[in-house]
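Have a look at the picture first.

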Amino acid sequence: MSVPIKGSIDKVDAPTVKQWIQAEGIDLVAIADARNLSLAFPTRPATALMPSARSVIVMAVAHSLGAVYSPNIMLWTRSKMQTSRLLDETAEKIGRLLEREGFLSLPISADKPVEIFKHDPETGKKFRQTRTSGFISLKHAAVSCGMGEIGGNNLLLTPEFGPHQRLCAIVTEAPLAADPGRELDLCNHCGRCVKACPSGALKDDRYDVDPCFAYWSSGFKRLPPVKFREWPGYVRMIVQHLKRRDLLVEMGQTYITDVDNCIECMRVCPVGENWKEIRPKLLPPQKSSGTEIQ
Ligand code: B12
């Protein structure tokens with residue numbers, strides 16, 4: 001089934017919308033009730049983006065596993081951008097189609113831009129490390145409609161692909177039948193992600209966003225210093241980076257291709273039925289701008 005042409009639609013219901021979306025090459029699709037989303041922090045209700053919203057259509061595209069396990073993260077970054085492109089294009093296409101049928105619809109991109117918080121919106125205090133937030137937490141939307149669960153690596157795990165998928169959504173007025181949440185129990189807390197995390201963001205019982213952001217964005221294993229005694233170590237680290245890296249050229253590349261510095265928490269996760277046969281047994285370390293520098 002392909003996306004219908006104008007005037008050819010009999011009804012807009014959940015099975016039909018899912019078929020349109022799958023026909024575009026999307027691997028997983030499920031629908032959440034916009035008024036009953038599992039909310040993240042900071043809270044991002046769909047009804048704050050569209051007060052008349054009835055449904056949130058959540059879509060996932062599996063990553064290329066070859067790219068996930070490639071020796072250099074740049075290869076994954078480019079492949080990730082293509083999954084985002086497919087998701088965003090589909091969200092635009094289906095959103096427009098729903099609007100043609102009379103339902104206001106808002107695509108929520110798989111990618112940036114995101115909201116940037118230099119200060120804590122609750123207290124007004126400056127964060128040690130700037131924080132960012134999506135307009136909807138796609139992981140939480142995916143949990144709401146039973147697509148998966150959030151694992152020990154703080155990522156959405158699905159039975160099919162484990163953490164190896166990218167997410168995107170459409171907020172819409174279309175009153176589509178919602179899929180129920182599911183108890184999946186996919187993560188057995190094997191600890192591989194905690195061990196692999198180069199920034200120390202993942203602990204056995206939690207995830208700290210600040211060290212993850214510092215490493216993911218710059219390859220820095222230290223946070224900006226607060227106490228006087230933290231300065232020498234920080235300066236030493238910056239000098240090491242400046243000796244080995246050309247940050248200006250890197251920045252230029254990041255503007256063109258949204259370069260990441262880390263996917264270790266995703267890479268080492270063994271969950272995902274569809275990957276059982278092709279998952280490589282050996283996992284060579286993946287090079288990025290931050291690797292090899294303390
Ligand atoms: C911003 C962002 C980041 C930031 C911050 C992450 C974060 N957890 O908030 C950084 C750059 C660090 C990041 C890292 C990564 N991300 Co990211 N990220 C997002 C984005 C755009 C928004 C996430 C969000 O809203 N988080 C807020 C809540 C939901 O996060 P939380 O983890 O539950 O809770 C943290 C926050 O609340 C934060 N916090 C606490 N107080 C405050 C206060 C304020 C004001 C703010 C803003 C935050 C904040 O601390 C909590 C944890 O300690 C989403 C896309 C989207 N729109 O959802 C992708 C997304 C979550 N990222 C994704 C991925 C893959 C990654 C990385 C692997 C990096 C990479 N190379 O791609 C790592 C994994 C980190 C991890 N293990 O969690 C995928 C996950 C797919 C999946 N299978 O689950 C998503 C869904 C993108 C997508 N389109 O698929 N990401």
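**From one bridge to the whole chain**

Let's begin with Met 59, whose bridge partner in E8 is Cys 168. Before going further, know that this is a predicted model, where local features need pLDDT of at least 70 and side-chain atom pairs count only at pLDDT 80 or more, while totals for chains, interfaces and linings use all residues. Residue numbers start from 1 along each chain, as its sequence is written.

Strand E2 (residues 55–62) pairs with E8 in the antiparallel sense, over eight bridges. Two strands count as paired if DSSP finds at least two bridges between them. In general, strands of a sheet pair through backbone hydrogen bonds, either parallel or antiparallel.

Now zoom out to the sheet. It's an open one of four strands, in the order E1-E2-E8-E3, with antiparallel pairing. Strand E1 (28–33) and strand E3 (105–108) stand at the edges with a single partner strand each, so one side of each has no neighbour in the sheet. From one strand to the next, the twist averages 20°. For such angles, axes are lines fitted to C-alpha atoms (for helices, over the stretch in contact), and values run from 0 to 180 degrees between N-to-C directions.

What lies across E1 and E2? That's helix H1 (residues 14–23), running at about 145° to E1. Helix H4 (residues 73–100) packs on the sheet too, touching E2, E3 and E8, and its direction makes about 15° with that of E8. Contact here is between residues whose C-beta atoms, placed from the backbone, lie within 7 Å.

Then there's the ligand. It is surrounded by 35 residues, the closest being Ala 40, Gly 134, Asn 154, Leu 156 and Asp 260. To count as near, a residue needs its C-beta atom, placed from the backbone, within 6 Å of the molecule. Helix H7 (209–218) is one of the elements giving two or more residues to this shell, and H7 gives the most, with four residues.

The protein chain has ten helices and eight strands. Its C-alpha atoms fill a box of roughly 65 × 50 × 40 Å, taken along the principal axes.

Key: Two residues are in contact if their C-beta atoms, placed from the backbone, lie within 7 Å.
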